[in-house]
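Please keep the sequence and the structure in view while reading.

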Amino acid sequence: MNLYKLELMKIRLSTYLWAILGIFASLLSIGILFLFIFIMETGESAGSGDAELFADWNGLLALTTALAFSCFSILSAVIAAKVIVKEYCGTNAVVLLSYPVNRKAVLGTKCLVVSSITTVFAFISNTLVIGIMYISAHIFRVMPQMNTEHFIFIVLISSFLMGILSSATGIISTAFGWKKRSVVVTIVCSLLMVCVFANCITISPGNIVWVILTMSVVSVVIACVTYHILANGIEKMEV
Amino acid sequence: METIVDVNSVEKSYGLMQVLNRCSFKINEGEIYGLLGANGAGKTTLMKMILGLQKIDGGSIYVLGREVSNNTVYLSDIGSVIENPVFYEHLNAKELLSMHLRYMQKKADIPEILQLVGLERVDEKPISEYSLGMKQRLGLARAIIHRPKLLILDEPLNGLDPVAIAQMRGLMKKLTNEGMSILLSSHIIGEIKHTADRIGVLSGGCIIQELICCVSRGDTNKEKNVCEFVTNDEQRSPVENLEDYVIGLMRREWI
């Protein structure tokens, strides 16, 4: 806990909180836009082609979750690049490695900081955005309603899994950034992963929980391997 | 007198280039050991090896009786300023020192240390607004705040004005009087000769000559920085002009 607080001290958290607020506002405005797309499409070709995704709540949930995943994965990579890659590959490494603290424990704490910030805020943001969309649609009667309790369950589960997937993406991209000693490589890597993963999320909107669960499990396993590789590298690191 | 650092036949290579070759020296308790060498002689590498930041290819280093290895416990008894000190620049001096103390798991009076290095008036300012000299002072404050037994200073007077240099020399002597040992490196002879009790000339990867200050600590002459050096061998030959002597030694080594 002490190490966790110390890591939080090192990063300017307010900058990231503003970024998260910006992501939330963007996601909300795009979510509301999705509702308008549904209204525009209902008289013409609702339920066909690309408009199919906007025609029911499963499609909207998949789209919004994919967008939230994209934003938070990149945010996760940015935080990871700052607290891991920049710290160990820059001049700060001399100070950091001169402390009488286990190197693996420090890296573990850094990964925990990245994961916790990403997962918590991705979960809150996605849940709120979909919640606001759902309430708006209910008030203005623009979308067909569905079983609220079941929907809430799906939203909570998929948002939480999306948060985990985002943080795992950030950690995985750190491995590449670490190898190249570059913050830019870390962020570009996460962008490339986002392109693939975000499309996967929208493949089957009806089974979104299972799709994200599968991706999360695989990503978490890869993230654990990444941590192990990083930890071994830092243990043997010379500065 | 207790041996604080025992560097024994240490070797280090970067690829094919051998930086240190059977380098040996000892630092005793309460002593300022000056490491003098040309740029690239291996001074910083040696200091980093003592801190466990660089692996040792051969030989051994003992700090406070413990062999330098993956064990990091001994690091809580070392303070260091290696190269240019780096900080988390959004923090202020108080926050930075408080964070450092928590890492070291020690307690200390932060305002007292800041006063000691002359930063008491800017302790609330973010470090990003500090000048180079102020950052050097803060680096030194961070190195000594947890009261280490060994202080490692790599060219600590870079960027300091003459008044600050005099203050730092006074501070170093005060710290050694309290029992702290200091390993000080520089490529500037004048910087070392006014401060060190013993000088190790590092050239060709090893200490080629050790010089001892022949005036004991606390002596009036030492306080006035007119310390005279003799060679650390059986002859105890006096060194008339330290600059010429050291340059001569290094040239001989290069040839």
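## A polar contact of B:Thr44

In this predicted model, the side chains of B:Thr44 and B:Asp154 form a polar contact at 2.8 Å. A polar contact is a pair of N or O atoms within 3.5 Å; within protein, one must be able to donate a hydrogen and the other to accept it, and residues adjacent in sequence count only if both atoms are side-chain atoms.

B:Thr44 lies in helix 1 (residues 43-50) of chain B; helices (H or I, at least four residues) and strands (E, at least two) are DSSP runs numbered from the N terminus. Leaving aside residues up to four places away in sequence, B:Thr44 touches B:Ile82, B:Glu83 and B:Asp154, where contact means heavy atoms within 4.5 Å. B:Thr44 counts as partly exposed because its relative accessibility is 21%; buried means under 20% relative accessible area, exposed over 50%, and partly exposed in between (1.4 Å probe, protein chains only).

## Confidence

Chain B has an average pLDDT of 86, and 94% of its residues score at least 70. The pLDDT is the predictor's confidence in each residue, from 0 to 100. Within chain B, confidence is lowest in helix 7 (residues 220-223), with a mean of 49, and highest in strand 7 (residues 150-154), at 94. Where pLDDT is low, the predicted coordinates should not be read in detail. The model scores ipTM 0.85 and pTM 0.86.

## Conventions

Residues are numbered from 1 along each chain as its sequence is written, and chains are lettered from A and ligands numbered from 1 in the order in which they are written. Local features need pLDDT of at least 70, side-chain atom pairs count only at pLDDT 80 or more, and totals for chains, interfaces and linings use all residues, while side-chain values use heavy atoms, with hydrogens and water left out.
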